[in-house]
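Good morning, colleagues. Please look at the structure on the screen before we go through its contacts.

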Amino acid sequence: MAGAAPVITGWSAVSPFGHGREAYAAGVRSGRPTAVPVDPERWSVPEDRACLVPDFDVEELVGGKGLRHLDRASALALVAVGGLVEQGVDTGERAGVVLGTTSGSVQTEMDHMRDSLVKSRPHLLNTKTLASGSMNCAAAQCAIRYGITGPNTTLAGGRSAAVHALRYSDRLLAAGRADSVIVGAVEEYSSARAWLAHHGRGSGSPLGEGGAFFRLEPGSTHRAALAEVLGVETRVCLDGSARPALHDCVRALLDRASVPAADVWAVVSTTASEPEREALAELFDLRTLTRVPGGHQIGDTGAASSAFAIASVLSIAERLPEAAGRPVVVVSGDPHGTVAAVLLRLAGER
Amino acid sequence: MTARVEERRRVVVTGMGVVSSIGVGVDAFADGLRSGRSGAGPITAFDASGFPSDVACEVTGFDPDRWIRTVPAANLGRASRFAVAAARMAVEDAGGDACALGERRGLVVMGTTSGESQDVDRLAETAVVDGPERMDPDLVDRVSAQNLALSIARELRLSDVDAYVIGTACSAGNYAIGDAVDAVRLGQVDFALCGGSDALSRRTFATFHRLGLVAPDVCRPFDRDRRGILTGEGSAVLVLESLDSALERGATIHAEVLGYGLNCDARHPVSPSRSSVARCVQLALDDAGVKPDEVDLISAHGTGTKLNDVTECEAIRDVHGDEPPRTVSIKSMLGHTMGAASALAAVASTLAITRGFIPPTTNHRVTDPACGVDCVPNHAVDADLRVVQNNGLAFGGDNAVLVLGKHGRTV
C-alpha cells in the first residue's frame, strides 16, 4: 500500500509549554506541569488556575500591526499555523487550511451580546471585533495572512475536532481538491469558556489553551514523512456510555487497516476517563497505554486536545529509535457523546 | 487512508427536509417558492426595540414534536431542533427508515454560522444581568456547535457515522453538502445526511446592523434600490447516496449532484473578491464536467447588499459570459438564513429541477444595471432545467459552489 495513505510532513504548536514545536516536544518529554495562578485583574473566572500560553503577544510573534483586536483563538491559530507555513508549499490555490474548533471564540460572541445589552443602542457592537464573532475567523485570518487560497474549512467537532478534521482533510486530498492541507485545532482560554466549563461537562482538569497543526499531504509527496495516517474512525455514543462505542471504534480502526492490536507501539488518550481506560485496557497492554503521556500537563485544551495528542506522539517518538515504523493510536472523545481514533504509522524502518 | 481515486461514484439526492420561514416541509417550501411567499415579519425571538429595524424572517408554525421522536426536543437548542426535524423529513422522503441507515456507514455533516446562537445569547445575558455564576447548565450543555450533527445522529440512532459541523459562516451549507458529495463519491460512506441550520439571534441581528447591511423593510436582491439583508433562520437537510445504491433500493432520485468547488478569497474578512468567486464557480463546473453554457439556472448567494450582488454578478459574467443564465435569489423570500442558506438553496435548486419552475426574486422593482442579470422578478416561471448552479459565499472569503443536474439528463 506504499503511497496510498496520506502523510504528515510537518507540524507546529503553540501551547502552555511555549511557542513552537520544540517547546512543545521538550515540554511533553519533561513531564513538567504548566498550570499557573490566573491573574484576577485580567480574567474574571471561577477557577484560580489555568494552563496558559506564556508571553503571548500576537503582533510580536506573527509580526505586524492591527492584530491585537483579534480574538485569542484566531491569534493562537495565526501563531501556530505561522510556525508551519512554507511559502509555495502551504500557500496558493492548491493549499488548504482545515481548522478544528468547539464553537469559535465564545468570548467574542458573549462580548458582542453584552455590548448589545448595555450600549446606548443595541447594535452598537465593537466594530474592531466584529470579524472575530464568526466561527471561521481564525481559519480565514490564516488564509489572509499566509495567502492560502484553496479550501478553507472550519470544523466544529468538540474535543475530537482535530480527528474529524484529519479525516475531512484526507478527503480533500483524495478528491483532488488540494495538494496539501494544514490541519489542526485551536482553543482559547477566556473568562467565557471558563464559566461554560464550570457549569458544563468539564473534565475536572484546569483549562488549557493553544493549538497544534500538521501538514497533511498525499503519500506520493517527496517531502520526508513523520507519520502515515492509516485510518480514522469515529462513533456517536447512543446510550450514554462511551465504552462500547470506543471499543467498536478502535477495533474497526485496526481491522480496516489490518493492524493487529499487539503491533501497536503506543496508545495515547486525550481524556483518560474511566470508561475510556476500561475499553482500551481490553485491547492493549499497560506499556502500550503509558508510553506517551496524555494531555494532563497542559490542562483541558478542548478542541485542541486531540491535535496536541498527535503532537505528543510525534514528540516522544522522534527521540526513540524503537518507535520507528510502528503503529500508534490516538484516542479522543467528547463528553457530548462522541469517540474518535486515529491510526498513525510512525516514519522509519522498523 | 484513501488514495486519490480516479473512478468516482455518481452521487444523487434521494431525500430532502426543510424548515423555513416560508414553509415547513418540502411541499410547503416548494409552494412558497413558486408563489413568491415572504417569510418576513416582526421579530419575536428577542426584544428588537432600539434596533434600527424590527423585521426578520422567522420560522413560525413549527412543531418540533411532530418530527423529533427519540431525543427530548426540550433538550435541544433551536438550531438543533430545526436540523433534527429536517433530517427526519429527509430520511422519510428518502424512503429509508432510520433503522436501516443505522446498519450502514454514514456521514452527518451540517453547516452553521452561529450554532446555538440563542443559547449563547441567553447565557451572555445571564452573565450581564445576574452574574456568570447563575448561568443555566442546561443551556451550557447545548452550546458546543457539534451538537447540530450529534443531535441528528442521536435522533436517528446512528452510531457508525462521522458527525460534525462545518462553521464556514454563510456558505457552510454548501461546504457540508460538498463534503458529503466527496465522501459518497469516494466510497467512504454509504449515505450522507448533509445541510445547514441556524436560528435567528439578537447577536447576529446586531452584527449585521453594525455592518450597515440590514434592509429596513424587505430584501431586494439585484435591485437598484436594494438596501441589504433580512436576517432569517431555518434548516435544510439532504440525503445523498450513490446512484447504484439509490437504484438498488428503488429510491426516487430527485437530482444528481454533478460536482462542487470550494476556495478562499484570502483577502478581506467581509468583502467578497470577484476573481476568487469566479474561480470557485469555475472549479465547481470543472468538477461537474459542465460547460458554463450548459447551466440553465443560477441560484445566487444574492444577499441583497450593495457589494455582494454586484461582485457576484460580475464573477458570474466572468465565467458565463455577458448573457449569463437566469440568476435568482431566494433570499428575497427567506431572508439570509446564514449557515442554512446554501443548503436551503440547494433544496430549492433541486425542486426547481424536479417540479419544473424557477423560483422568483421577489420584491423586485428595477434591476441594477451593474448587476445586469435576469433575476426572474416577482413571479415564478415554468422551465425545464437540466443543470442548476448554487452559489454560496461567506465572510472570511469562504466560497463553495454546488452543481446539480436533472437525473438522467442527456447533454
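Into which domains is chain A divided? Chain A comprises domain 1 (7–217) and domain 2 (227–346), with bounds that come from an automatic or database domain assignment.

A word on the source: this is a predicted model, in which local features need pLDDT of at least 70 and side-chain atom pairs count only at pLDDT 80 or more, while totals for chains, interfaces and linings use all residues. Residues are numbered from 1 along each chain as its sequence is written, and chains are lettered from A and ligands numbered from 1 in the order in which they are written.

Let us begin within chain A. The centres of domain 1 and domain 2 of chain A, taken over C-alpha atoms, are 22 Å apart. Across this boundary, 49 residues of domain 1 of chain A are in contact with 36 residues of domain 2 of chain A; two residues are in contact if their C-beta atoms, placed from the backbone, lie within 7 Å. On the domain 1 side, α6(A) gives the largest share, seven residues. Helices here are DSSP runs of H or I with at least four residues, and strands are runs of E with at least two, numbered from the N terminus. By class, that side of domain 1 of chain A has 23 nonpolar, 18 polar and eight charged residues. Ala, Val, Leu, Ile, Met, Phe, Trp, Tyr, Cys and Pro count as nonpolar, Asp, Glu, Lys and Arg as charged, and the others, Gly among them, as polar.

I turn now to the contact between the chains. Chain A contributes 73 residues and chain B 69 residues. The chain B side divides into 36 nonpolar, 17 polar and 16 charged residues.

Which strand of chain A pairs with β6(B)? Strand β6 (residues 152–156) of chain A does, in the antiparallel sense over two bridges; pairing requires that DSSP finds at least two bridges. Ala156(A) stands opposite Val165(B) in β6(B).

Helices also meet here. Helix α4 (residues 106–118) of chain A packs with α8(B) at an angle of about 75°, their axes 9 Å apart. Axes are lines fitted to C-alpha atoms, for helices over the stretch in contact, and angles run from 0 to 180 degrees between N-to-C directions. α4(A) is therefore roughly perpendicular to α8(B), the term for 65 to 115 degrees; under 35 is roughly parallel, over 145 roughly antiparallel, and the rest oblique. Glu109(A), His112(A), Met113(A) and Ser116(A) of α4(A) make this contact with Arg202(B), Arg203(B), Ala206(B) and Thr207(B) of α8(B).
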